[in-house]
Amino acid sequence: MKLSQYYIPTLKEAPKDADIVSAKLMLRAGLIRKTASGLYEWLPLGMRILKKVENIIREELNAAGCCEVWLPVVQPQEIWEESGRWAYYGKELLRFKDRKGAGFCLAPTAEEAMTDLVMKDVNSYKQLPLCLYQFGTKFRDEIRPRFGIMRAREFYMKDAYSFCADEKSAEKWYQILYEAYIRIFTRCGFKFKPVEADTGNIGGNFSHEFMVLAQTGENEISVCHKCGYTANTEKTEIKEPAPAELKDLLPAEEVLTPNARTIDEVSSFLKQPAESFIKMLVYKADGKGVVVLMRGNDELNEIKLKKLLNAEELEKASPEFYEEVTSSPLGFAGPCGLKARKPEVKIYADNYVKTIVNGTAGANKKDTHIKNVNLGRDFEVDVFADLKLASKGDRCPRCGEEFEFMRGIEVGHTFKLGTKYSQAMGANFLDEAQKSKPMIMGCYGIGVSRVIAAAIEQSHDDNGIIWPEPLSPFDVELIALDTEGEVKQKADEIFNSLRAEGISVLYDDRAERPGVKFKDADLIGIPHRLVIGRKLLPEGKLEYKSRTAEKPEFWQLEGLENKIKQILGK
């Protein structure tokens, strides 16, 4: 493609509202343009990359035995009511009515639509297993769209769904898609890790996220290098610590802590480390008060708590509810005497609370704390559990090795759904004994547009994008330093000869200064660059530079096509 005929509107500076590297570079390199908050137009260069990702995914899923379909982005209210998610999904689900008053939504996902499709025609175990997938636009009305296409309201994704007759078959298909995802992201040229993850709004029994490793990633993951256990920190299980020996206990002592409510404030005031504090958190779980005790330096993992309580809704208590549950002013509640005052309140505690001896807690009086608080003597706990968000120093629950923490960008997610949707919607089949049973489902998503942003976050420098070869919009960029005469003629010949060999070429034939062409080339990030100029042409040579190399090489023009093919592995 000749650049003079191609639509690549590059920018010298990124718009001020571009908040991460990928958003800045995608806008500057002319891949996308913003049309409204969380909504983006895809330009020709961006479309080439988008289709490359799509084709890699399609080839691997077809090879795995999946069948492609195409579902509407507008979905009827009835199927969402059947699954129970019409009200539960929240404001991210954009609802509207047609001219007849019928309710619809813009699809944020396709569990309901795909289940509805399959249940119309599949009614026997002989028609199972089955795995269908689609590429399509999704819409989630994010309250605060950010990070460019990484957290946009409208996005392009692939979602697949497996339907099976029994658990063994369902697990087999989960593994088939898991392995297909490994091949997909390997082919994309990523450094990535599959990690155990929470199932979130999708639901189901277990799931894995596929994380592209990048320092700018919005997710933190825990990695055990000894046994291989890897999980999102929201999901990470933590080895239970050995409880402390409750000896040398000091008498409890009230101390004044004026205007010191937070752990940091009290820790500074009393000159004691945060890990010696017992902080008390109050939540409302399905309308009931719940008290949680944590070490002062640990953060509660609300997902773990919600699962432990088997709660539909979990929210932090308002100041009024906090005081109602604890009979204490905000910021000064502690576990001492709580059971006597409020026997109906259940106290949950993280396992690390067992490691605290002679700790400090709120005294249930304004501007007052208690020193030398100890489990068993001064307070009791109803349930101990792993409730903390994984952090430095925590250990693997399987082998005891200390975790390493990395950052990653989620590009894919696999779920074992079980019968959550099939049972709710009546997607049943007749087994060999002619007994009706719900289909066992799996769900497998890839954010196709998100993959492109993740590639840029993982691979870029101060000058622009560095595309992994499989995702690069073109194999080679060819730059002619003159737009007429012998240089132009030779550049035209090379352009045509490379294309004849099946090599895609972006040919910069514009009447621009060399500096402008080189800056745009680095910005766009095509892995291989060829430069034709008057200086080297009389010697029968041109300049070759890899996007990641510091200095160029000088190649003979003879045999150029074979050398490029060899580098590209074609």
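## About the model

Because this is a predicted model, local features need pLDDT of at least 70 and side-chain atom pairs count only at pLDDT 80 or more, while totals for chains, interfaces and linings use all residues. Residues are numbered from 1 along each chain as its sequence is written, and side-chain values use heavy atoms, with hydrogens and water left out.

## Overall build

Let's start with the whole chain. The protein chain holds 15 helices and 31 strands; these are DSSP runs numbered from the N terminus, with helices being H or I of at least four residues and strands being E of at least two. The C-alpha trace spans about 95 × 70 × 50 Å along its principal axes.

Of the 570 residues, 52% count as buried. Here buried means under 20% relative accessible area, exposed means over 50%, and partly exposed lies in between, using a 1.4 Å probe and protein chains only. Among the contacts (heavy atoms within 4.5 Å) with a separation of 6 or more, 69% come from residues 24 or more positions apart. The chain exposes about 26700 Å², and carbon and sulfur atoms supply 48% of that area. Accessible areas come from the Shrake-Rupley method with a 1.4 Å probe, and for residues only the protein chains shown count as cover.

## Charges on the surface

The chain carries 82 positive and 87 negative charges, and their mean positions are 1 Å apart. Lys and Arg count as positive and Asp and Glu as negative, with His and the chain ends not counted; each charge is placed at NZ of Lys, CZ of Arg, CG of Asp or CD of Glu.

Asp286, Glu312, Glu313 and Glu315 gather in a surface patch of negative charge. Patches take residues with over 30% relative accessible area and no salt bridge, joining like charges within 9 Å and nonpolar side chains (Val, Leu, Ile, Met, Phe, Trp, Tyr) within 5 Å. Asp286 sits in the loop between strand 14 (278-285) and strand 15 (288-295), and is partly exposed, with a relative accessible area of 42%.

## Salt bridges

The structure holds 39 salt bridges, each being a side-chain nitrogen of Lys or Arg within 4 Å of a carboxyl oxygen of Asp or Glu. One of them joins Lys34 to Asp17, with the closest N and O atoms 2.8 Å apart. Lys34 is in strand 1 (residues 32-36) and Asp17 in the segment before helix 1, so this pair ties together parts that are 17 residues apart in sequence. Lys34 is partly exposed at 41% relative accessibility, and Asp17 is partly exposed at 47%.

Lys570 and Asp475 also meet in a salt bridge, at 2.6 Å from N to O. Lys570 lies in the segment after helix 15 (560-568) and Asp475 in the loop between strand 26 and strand 27, so the pair links parts 95 residues apart in sequence. Lys570 is partly exposed at 49%, whereas Asp475 counts as buried at 11%. Elsewhere, Lys51, Glu54, Arg58 and Glu68 are linked in a network of salt bridges.

## Helix 14

Now to one helix and its surroundings. The buried residues of helix 14 (residues 514-524) are Lys517, Asp520, Ala521, Asp522, Leu523 and Ile524. These buried residues pack against helix 1 (21-28) and helix 2 (44-63), as well as strand 26 (464-465), strand 27 (476-480), strand 28 (505-508) and strand 29 (528-532). Gly525 follows helix 14 and has a positive phi, near 85°.
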